[in-house]
Each structure stands twice: as C-alpha cells, then as structure tokens.
Amino acid sequence: MTSFSRVTTATLAITTVLVAGSVQIEAKPEVTVLAELQERPGNPAVAPDGTVYISMHPFDNPEYKVMRLEDGKAIPFPNENLSKGFASVIGIQVTQDGTVWILDMGNDEISPKLFGWDTNHDVLKSSIVVPQESNVANSFHQDFAIDEKRQRAFIADMSRSGMIDTSEPAIVVVDLKTGATRRVLSGDKVFQPADTPIIAEGMPMQLVDDQGTTHSIHLGLNPIAIDPENEWVYFSTMTPGSIYRVPAAIIGDFTAGESAIAEAIEVYAPKPSSDGIAVGPNGTVYITNIDDSSIDIADASGTRTWLQDERLVWPDGLYVAPDGSVVVTINQLNRAPVFSKGRPAVELPYAVIRISEN
C-alpha cells in the first residue's frame with residue numbers, strides 16, 4: 001500500500017448509481033493529507049474555524065484519547081491530563097459555538113459520559129452521564145450526532161461490545177440542557193445487522209476468540225449523522241443494507257411513543273458496509289465504503305462512488321468541514337490484531353485526509 005504522503009491526488013472514480021443502474025464518469029476529487037500517524041485514529045471532527053480534532057481508536061489502548069491536529073502533528077486535547085483521563089473515545093463532534101463534544105464510552109468501572117469542552121474559554125462546559133437505564137450489559141456507545149436546534153444528542157449504541165455477543169442496538173437520546181436520557185427502539189429490526197458479511201480488502205471480517213475459534217462478524221447500528229438544517233437524523237448498520245432517516249423533532253421528543261418514532265423512519269438510500277456517515281447540504285450523505293475501499297455519496301437518486309483508492313484501507317469516520325470538504329480517517333481497522341488472522345499486517349502510517357472537489 002502506497003503512503004498517502006507520496007500521492008496527494010486520488011485516482012479517477014467511476015460512479016455507479018445503484019438505483020438506476022447507470023454508469024458515468026465524474027471529475028476526480030482532490031486528496032490532501034492532513035496528518036500521518038503512528039497510532040490508529042478513530043473519528044474526525046472539524047470546528048467552525050477549521051481546526052481538526054480526532055479521537056484515537058480504543059482497540060490499541062492509546063495513552064491520549066483525543067487529539068487536535070496542528071501542522072500535521074497530533075496534540076493531546078483538551079490537554080495531556082484530560083486526554084489521558086478519558087476511558088475510551090470514538091465519537092467526537094463540534095457545534096457551531098466551538099464546543100467540542102466527546103463521547104467517553106466508559107468501561108466496567110466508569111459510566112459512559114458526554115463531555116462538552118468550550119474551546120473559546122478553554123473550560124469544561126458540560127458533563128452528562130449516560131445512566132444505567134439507558135444502557136445494556138454490552139453497550140458500545142461509539143458515535144453520535146447533535147441537533148443544535150433542539151439541543152439533543154443522538155448516540156448510536158451498537159451493543160455487541162464483544163463483537164460476537166448479543167445484538168441489542170438502540171439510539172440513546174440525550175437532552176443537552178437537562179442531562180435527561182432515553183433509550184429508543186432497543187433491538188429494532190432497522191438497527192440489526194444483515195447476514196451479509198462485511199468485506200475488507202476482499203476478505204470477510206472475522207474474529208478469532210480466545211479458544212481459537214473463528215467467528216463471522218455482523219455489526220448493527222453504528223454510523224449516525226444529522227443534516228446541517230437539523231431536520232433529519234440519518235443512520236445505518238455497519239453491514240450492507242439501507243441508510244434510514246427519521247425526523248429529528250420526533251426522535252428527540254421525550255414524549256413521543258416508540259410506535260410513532262418507528263412509523264416516522266424511512267428508507268433513504270442503499271449502502272455498502274460502512275463505519276461512518278456524514279451529511280452535507282441537500283441530504284447528500286457521505287459514506288465510508290469498507291467493502292470497496294472508497295468514499296461513496298448517497299442521495300435521493302441513489303448511491304455512487306465518489307473516490308476509490310486501494311490506499312483507503314478501512315476508511316472509518318468522516319466529517320463535512322465548514323468549507324464543504326470532507327475529512328476522513330484511514331485506520332486499517334480490519335488489520336487490527338483481533339481481526340487480522342490471514343490478513344496483511346498494519347502498514348504504517350495511518351492517515352487523516354481531506355477530500356474536496358477540484
């Protein structure tokens with residue numbers, strides 16, 4: 001695999017519209033390397049001033065859990081002590097007021113928490129505990145979206161923290177003003193993984209347990225995002241299937257019944273195996289396509305490839321920046337030791353890239 005630092009413009013992407021079945025050629029987007037890292041990144045987030053923040057993936061037990069990128073370097077955020085103090089972080093978001101929201105998944109001794117750090121005054125703005133009644137025994141609070149209009153956070157609890165245990169995914173709704181939480185549609189069919197395997201670098205994702213037994217991996221609700229207008233919450237499973245969406249006003253309403261929420265969910269577009277989504281203007285959904293080492297775009301007309309490159313080994317999280325570009329973490333998660341039986345070893349460095357139209 002060629003390092004991203006050697007080639008900063010991606011190869012031409014061929015776009016396939018899954019719904020219509022037509023094929024067309026698009027202009028190639030430009031790829032810029034923001035950072036090359038020796039430790040595995042998780043998700044990115046971009047502030048209104050353009051500052052890029054990243055979580056560090058918990059699979060590798062990193063010393064620092066959250067970083068800020070500056071001139072290609074990763075600097076512990078908010079500072080060394082606090083970055084060390086988080087238990088496990090994947091989900092990270094930035095709101096228009098400059099607050100960096102960090103989802104600490106916790107561990108056996110520490111409850112999950114949602115932290116808001118005010119970057120304008122460099123102080124902790126909010127700390128919200130996700131209580132036991134909003135969790136399950138194997139909760140995996142890995143990503144979230146924020147409705148700034150209604151001050152709600154929507155956490156995708158994938159469950160199945162052991163990768164092959166019970167699947168009971170749900171969306172956890174958090175009132176950012178009061179700290180109230182609610183677990184919604186736990187175990188619903190739209191959150192459950194398909195039987196279709198996740199494919200990375202041409203191989204199905206598998207886990208080898210402590211006894212040496214190999215298990216196929218099927219993971220449910222994971223990618224979640226909200227549009228810039230704060231009108232729709234988009235979500236999907238990691239396995240191939242559909243992107244769904246639900247009105248933010250309904251799923252964020254603590255008085256709404258679960259049947260009303262379920263009835264408001266609609267299918268938006270087909271999707272491949274994916275670990276992250278982000279939504280731009282006009283319902284344009286960017287998707288990390290694990291199966292094909294690509295970044296895809298979905299909208300009301302269907303799903304198509306935007307950028308495909310063999311160096312996109314497990315594109316994980318992505319974020320639509322204020323300038324319209326898309327920031328993506330490339331972390332080779334399929335090559336992590338827990339998944340790597342028969343796979344190539346990790347080829348450093350990992351990368352954080354920016355994709356933009358010419």
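User: In this predicted model, why is phenylalanine 339 called buried?

Analyst: Phenylalanine 339 has a relative accessible area of 5%, and since buried means under 20%, the residue is therefore classed as buried.

User: What makes the pair of phenylalanine 59 and phenylalanine 339 tilted?

Analyst: Their centres are 5.8 Å apart, with 50° between the planes; rings pair if the centres lie within 6.5 Å, and planes under 30 degrees apart would count as stacked and over 60 as edge-to-face, so the remaining label, tilted, applies. Phenylalanine 59 lies in the loop between strand S5 (52–56) and strand S6 (66–70), while phenylalanine 339 lies in the loop between strand S29 (326–330) and strand S30 (350–356), so the pair ties together parts that are 280 residues apart in sequence.

User: Why does phenylalanine 59 count as partly exposed?

Analyst: The relative accessibility of phenylalanine 59 is 31%, which falls between the limits of 20% for buried and 50% for exposed, and therefore the residue is partly exposed.

User: How do you know that isoleucine 217 is buried or exposed, and which residues does isoleucine 217 touch?

Analyst: At 1% relative accessibility, isoleucine 217 is under the 20% cut-off and so counts as buried. Isoleucine 217 sits in the loop between strand S19 (214–216) and strand S20 (221–226), and, not counting residues up to four places away in sequence, the residues touched by isoleucine 217 include Met163, Leu207 and Phe339.

User: What makes arginine 245 a charge over the ring of tryptophan 232?

Analyst: Arginine 245 lies over the face of tryptophan 232 at 3.8 Å from the ring centre, which is within the 6 Å limit for such an arrangement.

Conventions: Residues numbered from 1 in each chain as written. Predicted model: local features only at pLDDT ≥ 70, side-chain atom pairs only at ≥ 80, totals over all residues. Heavy atoms only, no water. Helix = DSSP H or I, 4+ residues; strand = E, 2+ residues; numbered from the N terminus. Buried < 20%, exposed > 50% of the residue type's maximum accessible area, 1.4 Å probe, protein only. Contact = heavy atoms within 4.5 Å. Phe/Tyr/Trp six-rings, centres within 6.5 Å; stacked < 30°, edge-to-face > 60°. Lys NZ or Arg CZ within 6 Å of the ring centre and 35° of its normal.
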